[in-house]
Amino acid sequence: MTADPARQAAFDVLTAALAHKAGLESALEGPALARLEPQDRNFARALVMATLRNLGPIDKALDQRLQRPPPEPARMILRLGAAQLFHLDTPPYAAVNASVALADALRSTRGFKPLINAVLRRLAQGGPGDVDAADFAPAWLFARWRAAFGEDAARAVAAQIAAEPATDLTARDPADAPALAEALEATRLPGGSLRREGRGRIETWPGFVEGRWWVQDAAAAIPARLLDAQAGEAVLDLCAAPGGKALQLAAAGAAVTALDRSAARLVRLTEAMRRTGLAAETVAADAAAWPHERTFDAVLLDAPCTSSGTFRRNPDVLWTLRPGDIARLAETQSRLLDAAARHVRPGGRLIYCVCSLETEEGEAQARDFLKGHPDFATQPAAGGEGGAPAQSLTPEGWLRVLPHQLDGGLDGFFIARFVRGAS
Ligand SMILES: C[S@@+](CC[C@H](N)C(=O)[O-])C[C@H]1O[C@@H](n2cnc3c(N)ncnc32)[C@H](O)[C@@H]1O
């Protein structure tokens, strides 16, 4: 029995993303897919994404047919088999046989061939079963979202996990957006982002080489719009790489200092600046320990976070996240907020944002920040400001953007704008 290379690669990527927590993006860019023929690569990618987008319902259906949990590698093969049966239109005999062949190819799963065969045959006969929106997220995360946003919103958020997102772009020059929308066959979103269905090789899309746009989720473009950088203002972007927000600030004419701890990620920022004909001063440093005394007209802190709001593109984040990660990252965010505050000149603005759905990283951070920094006050956002969905405005004037608040979805974000007292 020989395993099909595309399924073998999908197994490797899924294992890297889920079991080794290597990050989906780097797992997809790694050698497993690179060595495949294009057609196989497309199939392997589609299989991994279908499995991750439907992981909750798939695991539920498998658990109903398993007497005890199988070892992780056997479960991965079962998951891939179920995704082929229910989401990729693979004929049942092919899905089952290919899964058994894959099990045969690995020493750790060879002994589970009969189990894999039997469970997948039963699944093929019985179908996926009842699927509830809540099944798409891990139960503990869904419970948190329900507590924070209410039952209906939590269900609407979880339902977004299954859908393949479009690609959102930000135009370097907002006046160019109508022409770009036409050339790219994209729709224009509130706030000015462009949305193009599908994926593919973006470097071949109109306007890429000329640097007329960059890829940026519609929600990720809101924080820099709220900062409203003016030409000539000195702006510090404290966790800047790979650079979507720094590009927006530079495009507005601000003198941008882009700081990030990761020199490797700053290289991506510098390349994007070069491609778009924009510029920023870059600093590779730990923001919390940056000794610079300089203050700025405005500071943007897009802090490291659980990234639970980015599950539409990286569904693995939901399944690799552990409750302890939230508290650990919240502590880092609080330290970085203290550092950010030090660099805001009297009368200057501070934007704090995270692509997280967890309140400890959002509302609780903003509340604690105001308590610990009496010289700062919230500068409330207006309804719909910066293209934010109207429902995202909180009573405090912050933005709690949820992925279902725009047709076709957008990333989950928390965004707060503060202003420092003038003296
Ligand atoms: C959410 S990402 C920033 C995304 C970026 N603002 C953008 O729009 O493309 C968080 C960034 O924080 C950086 N980071 C994490 N801890 C840091 C620290 N202590 N000091 C500076 N940067 C840090 C990471 O390297 C990562 O690039």
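**Stop one: α7 against α8**

Select Pro 92, Ala 95, Val 96, Ser 99, Val 100, Ala 103 and Asp 104 in α7, and you'll find them meeting Lys 113, Ile 116, Asn 117, Leu 120, Arg 121 and Ala 124 in α8; contact here means heavy atoms within 4.5 Å. The residues of this contact split into eight nonpolar, two polar and three charged, where Ala, Val, Leu, Ile, Met, Phe, Trp, Tyr, Cys and Pro count as nonpolar, Asp, Glu, Lys and Arg as charged, and the others, Gly among them, as polar.

A word on what's loaded: this is a predicted model, where local features need pLDDT of at least 70 and side-chain atom pairs count only at pLDDT 80 or more, while totals for chains, interfaces and linings use all residues. Residues are numbered from 1 along each chain as its sequence is written, and side-chain values use heavy atoms, with hydrogens and water left out.

**Stop two: the cysteines**

How many disulfides are there? The count comes to zero, a disulfide being a pair of cysteine sulfur atoms within 2.5 Å. Pick Cys 305: its closest cysteine sulfur, in Cys 355, is 3.5 Å away, too far for a bond. Cys 305 is buried (under 20% relative accessible area), at 11%. Next, select Cys 353, whose sulfur is 8.1 Å from the closest cysteine sulfur, in Cys 355, again too far for a bond. Cys 353 is buried too, with a relative accessible area of 0%.

Terms used: Helix = DSSP H or I, 4+ residues; strand = E, 2+ residues; numbered from the N terminus. Buried < 20%, exposed > 50% of the residue type's maximum accessible area, 1.4 Å probe, protein only.
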